[in-house]
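I opened the notebook to write down what I looked up in this structure. The entries follow in the order in which I made them.

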Amino acid sequence: MRQLLLALLAKEPAHGYELKQALESIFGSAYPSPNIGQIYVTLGRLEKDGYVRSVDVEQANRPNKKVYYITAAGRESLENWVEEPTEGPRVRDEFFMKLVLAPMTGLSDRMALINRQRRHYLSLMRDLNELAEAADPDNRVALLLIEGAMLHLQADLDWLERCQEELP
Amino acid sequence: MTATPVVRAVNLVKIYQSGRGLPVPAVRGVDLTVEPGEFVAIMGPSGSGKSTLIHLLGGLDTRTSGEIWLDGQRADTLSESGWAVLRREKVGFVFQFFNLVANMTVADNVELPALLAGASPRHARERREYLLGALGLTDRAAAAPAQLSGGEQQRVALARALANQPRLLLADEPTGNLDSRNTRDVLRLLGEVHRQGQTIVLVTHDARVAGLADRVVCLLDGQIVDDGAIVKRRRRPGGTAGDVVELHGR
Ligand SMILES: Nc1ncnc2c1ncn2[C@@H]1O[C@H](COP(=O)(O)OP(=O)(O)O)[C@@H](O)[C@H]1O
Ligand SMILES: [Mg+2]
């Protein structure tokens with residue numbers, strides 16, 4: 001969330017509610033609509049860290065609103081975020097840890113764990129199918145986000161099958 | 001539920017015996033009941049017996065032992081011609097390798113099953129136009145199968161299997177040769193006919209296809225190791241649809 005807000009502010013100064021609307025219109029239904037309180041908390045932290053500043057703008061008949069803008073330190077942090085490679089797939093997969101360790105402790109057998117996990121992935125996929133159907137067909141960003149989640153799930157399922165084949 | 005199951009397999013076994021080699025037990029004691037309107041995805045590693053099972057259910061291969069009932073009718077004891085009649089009346093089948101009639105156009109391939117089943121030419125044509133349209137194949141209607149790409153042939157095979165609105169749709173990897181856009185058309189059509197009440201049993205590795213199903217059956221070494229509902233996840237209170245992506249994205 002921090003970097004998303006910084007990126008939007010690098011484009012133009014904005015107040016909290018405008019940032020919420022911008023996130024919603026860019027990512028569509030594929031991304032959880034951010035809670036306005038969370039946006040203000042994040043802006044507060046960014047301000048404390050010196051990445052953004054705010055000015056009070058007077059409004060007729062309404063309380064002042066705070067407009068935020070990015071600082072040089074904020075821009076530098078954003079540049080670092082953009083430039084550094086993003087974390088790859090998980091090597092320490094939590095499900096795999098369960099799969100290896102649980103049978104040793106007699107807590108569960110592998111078949112049951114794999115079956116439960118497969119059903120879980122498929123119900124996630126079911127939700128994604130519905131999400132894709134409901135998404136605005138013109139919002140490529142949202143559709144690609146959904147497709148990415150689907151491809152990850154496919155890889156998870158394929159790997160599950162490999163675990164089922166290889167582990168006794 | 002007192003409705004007659006569309007499929008009932010009881011202790012189904014298939015052992016391949018090729019020449020003087022060792023017998024291969026491909027399906028080892030499968031019990032499976034599919035109710036009207038259900039959508040069942042069969043999954044499992046390569047060689048686990050998925051194709052064999054679905055071929056047995058469609059009468060394209062003979063069982064070694066066990067029973068198969070389709071729509072209340074005992075099927076495993078039928079002769080080859082008895083099976084042919086039953087299939088024509090009740091089953092649409094999408095093979096892994098299409099099996100289109102080579103010297104007929106795409107349109108005729110799709111209309112044929114409906115015509116054989118006694119539909120009027122006009123009804124057969126309308127159904128064909130609807131199915132080819134839904135699968136993005138309208139402008140290929142006059143082509144011969146050999147002029148089509150693998151993905152196009154696979155979609156024609158699906159259209160043909162659905163031409164009759166069969167009691168049961170059986171399919172073996174129906175998106176195996178498709179790119180992601182064509183897969184989307186197939187997904188949409190499968191979802192649509194399923195909502196209209198079509199009973200579907202299909203083999204798939206594609207998680208998007210399996211995600212449309214109500215139930216997953218998982219095979220390993222010719223046996224069912226899991227059989228259960230694919231439930232919709234309960235969302236967090238106040239959550240939005242987008243939570244799915246966030247929770248799963250990394
Ligand atoms: N016609 C056949 N003759 C001999 N063995 C076969 C034949 N068809 C399949 N098998 C064997 O039966 C097993 C299950 O095959 P199959 O049903 O094709 O699995 P899947 O579709 O899950 O990959 C495999 O070991 C395969 O080699
Ligand atoms: Mg197969």
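Predicted model: local features only at pLDDT ≥ 70, side-chain atom pairs only at ≥ 80, totals over all residues.

I began with the interface: chain A and chain B bury about 3200 Å² between them, and 59% of that area is on carbon and sulfur atoms. Buried area here is the accessible area (1.4 Å probe) that two parts lose on being put together, summed over both. I then looked up the contact, meaning heavy atoms within 4.5 Å, and found that 37 residues from chain A and 37 residues from chain B take part.

Residues are numbered from 1 along each chain as its sequence is written, and chains are lettered from A and ligands numbered from 1 in the order in which they are written.

Next I looked for salt bridges, each a side-chain nitrogen of Lys or Arg within 4 Å of a carboxyl oxygen of Asp or Glu. The rule finds three across the interface of chain A and chain B. One of them joins the side chains of R195(B) and E133(A), at 3.9 Å from N to O. On the chain A side, α6 (110–134) and α7 (140–166) each supply at least two residues that touch chain B. The most comes from α6(A), with 17 residues. Helices (H or I, at least four residues) and strands (E, at least two) are DSSP runs, numbered from the N terminus.

I turned to the strands of chain A. Strand β1 (residues 52–59) and strand β2 (residues 62–70) of chain A pair in the antiparallel sense over seven bridges; strands pair if DSSP finds at least two bridges between them. V57(A) has K65(A) in β2(A) as its bridge partner. The two strands form a hairpin with two residues between them, and N61(A) in the turn has a positive phi of about 60°.

In chain B I looked up Q165(B), a residue other than glycine with a positive phi near 45°. Q165(B) sits in the loop between α5 (150–162) and β7 (168–172) of chain B.

Note on methods
Heavy atoms only, no water.
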